[in-house]
Amino acid sequence: MDQLEINKVSFMKIIYSVLTIIILFSCSKKDNSKKLFFDTKSNINLKKEDSKNTVLNVNSDDSMLYDKNVLRAKAGKKIILTLNHTGKLPKNIMGHNLVLLKMNVDVNVFSKLALEFKNNDYIPLNEDFIAHTKMLGGGESDTISFTINEPGEYKYVCTFPGHYQMMQGVLIIY
């Protein structure tokens with residue numbers, strides 16, 4: 001090996017050593033006093049809990065997406081959920097809501113039925129949901145609260161026409 005190749009190998013060994021030390025140090029110094037609300041790699045809302053409530057925040061915008069497609073909360077604990085429409089378009093053009101369905105309700109069937117209830121902000125007059133926000137336009141927010149006692153997976157969806165195919169998620173109750 002010539003001197004240039006030796007320098008490259010030595011440099012790479014130093015870089016790998018420094019990176020290994022940084023990774024080991026950062027993994028060993030976890031601060032559990034800070035609560036993580038959102039894991040951006042997996043798009044999962046982890047949780048924010050106080051002694052009485054679980055607080056969940058979901059954002060939507062003009063691109064017809066929720067920013068979180070998985071939420072988690074503990075069974076029997078009051079859940080306070082806020083939907084924020086961070087877009088600019090009015091609700092008659094790009095309205096969003098969040099409807100939390102009861103366990104095992106078919107999203108496709110529910111969402112197609114919702115189309116018949118334009119005068120009720122696309123919320124069917126049935127017993128297939130637990131809670132829902134109002135229909136929001138850009139810049140608006142709505143907060144709802146509810147408690148779920150039975151562990152399981154509960155789907156949520158936007159019922160504005162054409163949105164449910166992209167705007168879905170699941171609330172996991174553990």
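Reader: Which residues is Tyr164 in contact with, leaving aside its neighbours within four places in sequence?
Author: They are Val107, Asn108, Ser111, Lys112, Val157 and Cys158, where contact means heavy atoms within 4.5 Å. A word on the source: this is a predicted model, in which local features need pLDDT of at least 70, side-chain atom pairs count only at pLDDT 80 or more, and totals for chains, interfaces and linings use all residues. Residues are numbered from 1 along each chain as its sequence is written, and side-chain values use heavy atoms, with hydrogens and water left out.

Reader: Why is Tyr164 called buried?
Author: Buried means under 20% relative accessible area, exposed over 50%, and partly exposed in between (1.4 Å probe, protein chains only). Tyr164 has 11%, so Tyr164 counts as buried. Its place is in the loop between S9 and S10; helices (H or I, at least four residues) and strands (E, at least two) are DSSP runs, numbered from the N terminus.

Reader: What makes Thr159 buried?
Author: Thr159 has a relative accessibility of 2%, so the label buried applies. Thr159 lies in the loop between strand S9 (152–157) and strand S10 (168–173). Among the residues it touches, not counting those up to four places away in sequence, are Val99, Phe110, Ala114 and Met135.

Reader: How do you know that the side chain of Thr159 makes a polar contact with the side chain of Asn97?
Author: A polar contact is a pair of N or O atoms within 3.5 Å; within protein, one must be able to donate a hydrogen and the other to accept it, and residues adjacent in sequence count only if both atoms are side-chain atoms. The Thr159–Asn97 pair is at 2.8 Å and qualifies. The backbone oxygen of Tyr122 also lies 2.9 Å from a polar atom of the Thr159 side chain.

Reader: What puts the buried residues of helix H3 on the same side?
Author: In H3 (residues 107–114), the buried residues are Val107, Phe110, Ser111 and Ala114. They cover an arc of only 95° around the axis, so they sit on the same side of H3; the arc is that of the directions from the helix axis to the C-beta atoms. The face turned away from that buried side carries the exposed Val109 and Lys112. Cover for the buried residues of H3 includes strand S6 (99–101), strand S7 (129–132), S9 and S10.

Reader: What caps the N-terminal end of H3?
Author: Asp106 does, with a side-chain oxygen 2.8 Å from the backbone nitrogen of Asn108.
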